[in-house]
Structures are given as C-alpha cells and as structure tokens.
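Trainee: Please take a close look at the aromatic rings in this model. I would like one connected account of how they pair and where they sit.

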Amino acid sequence: IRTNIIVPPGRPRMRGAGITWFEAIRFCNQLSLLQGLQPYYKIHGSDETVSIQRGSNGFRLPTEAEWEYACRAGTQTPWYFGDSTDNISDFAWHSDNSNGQAQAVGQKKPNAFGLHDMLGNVTEWVADFYSNDYFETPPDGGWVNPQGPESGERRVVRGSDYRDQY
C-alpha cells in the first residue's frame with residue numbers, strides 16, 4: 001500500500017499520524033477495495049454522514065471495547081506491561097523519548113498479543129462516538145463488547161501520543 005493513500009499531501013509521513021476520522025474510514029474503504037472486499041462504510045455526500053454496510057467483509061475501525069481488549073492483551077494490571085509506568089519507555093513513545101515527533105511503528109516492545117504502539121506514538125481512532133454518561137448504565141447486552149453510543153458530536157480516540165507525559 002502506498003503511503004499517499006493513507007496520508008494526504010502536506011501531512012506527516014508517519015503511519016496515519018494527523019489524519020481525521022473521515023480519512024481513517026476512507027482508508028478502510030480503500031484497503032477493502034484493494035483486497036477485493038466490500039467496503040464497510042458508505043460515505044454520503046460531502047462527508048456529512050456515514051453509514052455502515054451490514055454484512056460487508058471490508059476493513060473497519062475497531063470499537064472502543066475492541067481497542068481496549070487488544071491493548072490490554074488479557075492483562076489485569078493497571079498497564080498492559082505491569083503495575084507502574086517505570087518501564088513505559090520500553091513500550092511507548094512519549095514526551096520524554098520521542099524527540100517531539102511521531103516515530104516509525106514497531107520499534108518498542110509489543111504487548112502480549114504482539115501488538116506494537118498501543119500506547120504512545122500516535123492516538124488511534126475508534127468507531128465509537130463519545131458520551132460523558134455512556135458508562136453509567138449498562139448497554140443492551142451488558143458490558144461484553146459494548147458497541148458505544150449510536151450518535152454524538154465527537155469521535156473517540158484511544159492510546160496516547162508522542163507528546164504525552166507519564
């Protein structure tokens with residue numbers, strides 16, 4: 001895949017750094033088409049609304065719950081790498097070790113699932129809308145893989161980035 005499908009001209013040339021939620025879903029659709037899959041998202045008009053094509057087999061953003069599951073990788077500790085942030089520099093790019101810029105993916109230790117950069121480097125878009133009170137009441141189906149609010153004014157990002165302090 002060429003980088004210019006991921007990052008528009010004039011944006012940083014890091015894996016997805018600085019892209020909008022709409023650019024992320026466009027990327028999912030482009031990747032789906034390149035792989036011969038049916039895109040998961042349908043973008044209506046000039047990016048004003050997006051709908052999901054149920055039953056499609058294309059790439060999509062994870063839900064916030066799916067992202068959390070992938071990040072935690074089965075751990076029960078406060079951080080997927082232990083009880084404290086003493087060794088966070090082994091796992092994440094942050095303000096003290098990034099030289100003030102996003103870094104190439106995969107240079108830090110992975111989590112137990114083998115996933116790199118789940119914390120630090122760049123934040124990651126997920127499919128969910130943000131809601132202050134979503135977690136106050138269990139959603140239909142309970143807390144096992146909740147799908148998030150159906151609407152909202154903002155989208156959720158997870159992880160942290162190279163500018164964050166620990």
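Mentor: What follows goes through the aromatic pairs, then the charges over rings, then a surface patch.

Keep in mind that this is a predicted model. A search of the whole structure finds 9 aromatic pairs. A pair of aromatic rings is described by the distance of the centres and the angle of the planes.

Start with Trp21 and Tyr41. Their ring centres are 6.4 Å apart and their planes stand at 75°, so this pair is edge-to-face. The cut-off for that label is an angle over 60 degrees. Trp21 belongs to helix α2, residues 21-34, and Tyr41 to strand β1, residues 41-44, so the pair ties together parts that are 20 residues apart in sequence. Trp21 has a relative accessibility of 7% and therefore counts as buried. Tyr41 is buried because its relative accessible area is 5%.

Now compare Tyr69 and Phe113. Here the ring centres lie 5.6 Å apart with the planes at 45°, so the pair is tilted. Tyr69 is in helix α3, while Phe113 is in the loop between α3 and β3, so the pair links distant parts of the chain, 44 residues apart. In residue numbers, α3 covers 64-72 and β3 covers 124-129. Tyr69 counts as exposed, because its relative accessibility is 57%. Phe113 has a relative accessible area of 41%, so it is partly exposed.

Both of these residues also belong to a patch. Together with Leu115, Tyr69 and Phe113 form a nonpolar patch on the surface. The accessible area of the three together is about 310 Å².

Next, the charges. Trp21 comes back here: Arg155 lies over the face of this ring, at 3.7 Å from the ring centre. Arg60 has its charged end over the ring of Tyr40, 5.9 Å from the centre of that ring.

Asn145 lies in the loop between β3 and β4, the latter being residues 155-158. Asn145 and Glu66 are 79 residues apart in sequence, yet their C-alpha atoms are 6.8 Å apart in space. Leaving out residues up to four places away in sequence, Asn145 touches Thr63, Ala65 and Glu66. Asn145 is partly exposed, because its relative accessible area is 38%.

How values were computed. Residues are numbered from 1 along each chain as its sequence is written. This is a predicted model: local features need pLDDT of at least 70, side-chain atom pairs count only at pLDDT 80 or more; totals for chains, interfaces and linings use all residues. Side-chain values use heavy atoms; hydrogens and water are left out. Patches are made of residues with over 30% relative accessible area and no salt bridge: like charges are joined within 9 Å, nonpolar side chains (Val, Leu, Ile, Met, Phe, Trp, Tyr) within 5 Å. Accessible areas come from the Shrake-Rupley method with a 1.4 Å probe; for residues, only the protein chains shown count as cover. A salt bridge is a side-chain nitrogen of Lys or Arg within 4 Å of a carboxyl oxygen of Asp or Glu. Helices (H or I, at least four residues) and strands (E, at least two) are DSSP runs, numbered from the N terminus. Rings of Phe, Tyr and Trp (its six-membered ring) pair if their centres lie within 6.5 Å; planes under 30 degrees apart count as stacked, over 60 as edge-to-face and the rest as tilted. Buried means under 20% relative accessible area, exposed over 50%, partly exposed in between (1.4 Å probe, protein chains only). A charge sits over a ring if NZ of Lys or CZ of Arg is within 6 Å of the ring centre and within 35 degrees of the ring normal. Contact means heavy atoms within 4.5 Å.
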